[in-house]
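Me: I have a model open and want to know what its labels rest on. Can you take me through them?

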Amino acid sequence: MNYQKGFFFLMAVAFLIGSILTLAPKFNNVKAASASVFTNFITASGGKLYDGDQEFRFCSVNIPFVDMTEDGEGGTWKKLTPWEQEDLVKTAKQMGAQVIRRYALSTRQPGKTYEAHVQGPCQFSEVAFQAFDQFLAYCNQYGIRVIVPFVDQYNYNWVGGISCYEAFRGIAQDDGYNFVTNAQIRDDFKATINYVLNRTNTITGVKYKDDKAIMAWETGNELWCENKNYSWVPDIAAYIKSIDQNHLLIDGDMEPSVNTIILQNPNYGKDIDIMSNHFYKWSNGHSNLVASIRDDMQHVRGKKPYIVGEYGLTNATDIHNLLDTCVSEGVSGVMIWSLRGHREAGGFWQHREGTYPGDGVDYWAYHWPGFPINDNYWETTIIQDIYQHAYSIRGLTAPPIPIPEPPVLHPISNPTQAINWKGSVGATLYDVQRSTDGSAWSTVGSNVTDMYKDYSYPPNFKDPSATGSGYYYRVIAKNPSGSSAPSNIVVWGTVTGPTPTLGPTPTPGPTVTPTPTPRPTATPTATPIPTPAGYLIDNFEGYGGSNSNLQAAYVRNSDGNSVTVTLDTANKSQGAYGMKYNYTIGSPDFAGVIRSLGHASFYGATGIQLWLKPDGSGRRLTIQCKESSANGSEPWEAYYTLSGTTAVTIQLPFSSFVRPSWYSGGNGIMELGDISEYSIYVNRGSGGTGSSSLYFDYITLYPTGSGTPTPTPNPTTTLTPTPGPTATPTPGPTPAPGGAFGNNHAGNAGWYTISQNGTGHITACRFLAPADMTVTRMNIYLSGDNGNIKLAIYSDNNGNIGSFLMGTMEKTSTNWNWNTFSLTAPLTVTGGNYYWLAVWSARGYNVAYDAGGTQATKQVAYTGTWPSSITGYNSLTNKLSVYAD
């Protein structure tokens, strides 16, 4: 991945561990060669890859960092823990990935001291390579193969690259001309290759050149420099083959088309086994991804195997079409950019890719098995599409995702501040349970997500109701296939009662994945399911064919009449299943089901689209979306009259959603950035009492500017809200708002600059606290910069800024995202009162904001002490993206 393709990347590298620089490290404690699940090296013949006598094809992911990560807390380089590495391998295994591609081996940049693999000419970091040893050991254990590029083309503050080799020798850095022409530098690069191929793994005792977990070496990542000297490829390829005859070699070039010289000149390309290319719509002449792949295959077919080494950072439809093309065209392998795994401390590693020309979407790394909070860049749809193709490329049908293993709960120092656990591969949500005696358990956190797009890596969960002197805690992992056994039990504080059984501790070992069922050859291939252009709310394919799994996701509102949902194979728009909705209208005169979404972002979409087969009852269908508790759990509804019995695809624009008459709270603004649940209700409307059935399928968002919805064989109806009878569904008690106040939406009105002249400014916005609560931190959405910055909370004095109440710790640099600042002490605020949330800096930080609201700004020289009060400020009508929780 070329980070010049993106506009944003982390540039902080501050991992300071003593380097061990040596040409030939002495392995005094190397283990005897350990067993591997692999029998064969991967081979190539006739334009195809083979595992033994079976053709080998894969649909998978790039995992850039398998030993070190650039995305540690505060933007530091960090060595992944063995648990994090095993999690990555288990994730790839569960995805059906077979092969992953790591990013290029890192090369130390001038003036840096972090643990790059290559520290200098013939100098290598034992710390970095031992981390890679560990990863390869897990790959051998679980059966995942790795593609390893030797060097990166690019030389910015990331992993270093070819210009670092030039810098080592004091030679001008010129994007690679000297790298491929200078004899000394070429010898230095060969020394790296020699070291890597002959290295003995300190965990397994196997030399890298003999390790079957390595599928192939790659000359480098996107080495367009190789075309500056046509002797380089055959020379380097021959050198690699002179040491390692076991492994295949990939040409690391990236051009608009594959390197045809390799294909046409037997002497030039005889030691290159695999051709590869990278595809991004906004670069290198690949605006039509499908056409580019087909063009490459015309050159390559029957001559050498071909893989799509990178692609992505585009919408779900583009990716679905690309994957289908790879399967149908005979591409040997295809790997999306890119995936990150769990953090051992809790949650997932995050990485922001940036915004790219043409669509304005803010792309982040993907995470398995997909999370609604990331669906502004279609994560759930895309990652599940890759899962399906990981099996279809092999002629298999994807099995259901396994039930998660039990998570591992970390020790708890203060449950009101942080409860963290090691996440379970394939888990989508968690239940946090508490007990006073170790035997009777209550759920204090239901459907908790461990996915947050936040480089400060917030806690998985807080238990504000933990007011006793001590408790037992445990966690259960969940996904559509079921729930795990409980985690280990952690005791906090002083407890009474017998010591409970601590529960299972996961034993290291391969993840048990159901054996995929081969597709019957006599069955015609089904038409591929089109991936929607927007966020897929549900296509009812992810429940393993289980009605109990579906009913666990769609919970009946017990205040309404009876309703039962089941999977249906006859009435659907596409795929294997739709949902049958059996309901009764009487007393009460509504029925409904609720599905939790965690923290889904609907931002950037026009509305909700769904396939519906109505019952002609004249009753009213209500689709309800509810904001998170941070926004007061404000509900919004759109309506459709159930006339006719012909299936239709309907669109409910968000402009048609209204607050129901029974709700009077909230701020009257539909906050699309944080939707916690959606519900499907039926009202009596103009119909009568009785029981009936509806059928639903493919519930999605449709994007802004979408003139035509996803094609279906049924007519499309665009709706406007229709006033129905007053029998509006009552969705049960509204959860008490609390836990946060302010604006937790990453504003779309623009950026407000705090300080423009370096002297310091205080900027504050006025917000209502919806309930009594104790807050411990403040959060603000910034464009990312360096310089002193801190936040504070002030009281309100009749619409003016009142007195200083509490400030936060200071930071000197921020991320382009939500940034969290801890208060110096907890602060209790009173529900129904206004407060001012303030930010102070002398640096020109940019804060996202929405239109509307009350903002104050004043030039105040930046010091270590907040003013006790603020007067004489200028007033604006903005609502900064800042909140306290």
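Reply: Residues are numbered from 1 along each chain as its sequence is written, and side-chain values use heavy atoms, with hydrogens and water left out.

Me: What is the mean pLDDT of the protein chain?
Reply: The mean is 84. pLDDT is the predictor's confidence in each residue, from 0 to 100. Of the chain's residues, 85% reach 70 or more.

Me: Where is the pLDDT below 50?
Reply: Residues 2-32 are one such stretch, with 90 contacts beyond near neighbours in sequence. Residues 704-738 are another, with 79 such contacts. A contact means heavy atoms within 4.5 Å. Where pLDDT is low, predicted coordinates should not be read in detail.

Me: Why is strand E13 called an edge strand?
Reply: E13 (248-250) pairs on one side only, and so does E14 (275-279). Two strands pair if DSSP finds at least two bridges between them. Strands are DSSP runs of E, at least two residues; helices are runs of H or I, at least four. The open sheet has eight strands, ordered E13-E12-E11-E8-E5-E16-E15-E14, with parallel pairing.

Me: How do you know that E14 pairs with E15?
Reply: Five bridges join E14 to E15 (residues 306-311). Pairing needs at least two, so the two strands qualify. They run parallel. Phe 279 stands opposite Tyr 311 in E15.

Me: What makes E3 and E4 a pair?
Reply: Two bridges join E3 (residues 48-51) and E4, in the antiparallel sense. The cut-off is at least two, so they count as paired. Asp 51 stands opposite Gln 54 in E4. The open sheet here runs E2-E3-E4.

Me: What makes a set of residues a nonpolar core?
Reply: The members are buried Ala, Val, Leu, Ile, Met, Phe, Trp, Tyr and Cys residues, joined through side-chain atoms within 4.5 Å. Buried means under 20% relative accessible area (1.4 Å probe, protein chains only); exposed is over 50%, and partly exposed lies in between. The largest core has 110 residues, and Phe 179 and Tyr 311 have the most contacts inside it. Helix H2 (residues 126-142) gives the most to this core, with seven residues.

Me: Which residues does Tyr 311 touch?
Reply: Among them are Phe 279, Tyr 280, Trp 337 and Ile 386, not counting residues up to four places away in sequence.

Definitions and conventions. Predicted model: local features only at pLDDT ≥ 70, side-chain atom pairs only at ≥ 80, totals over all residues.
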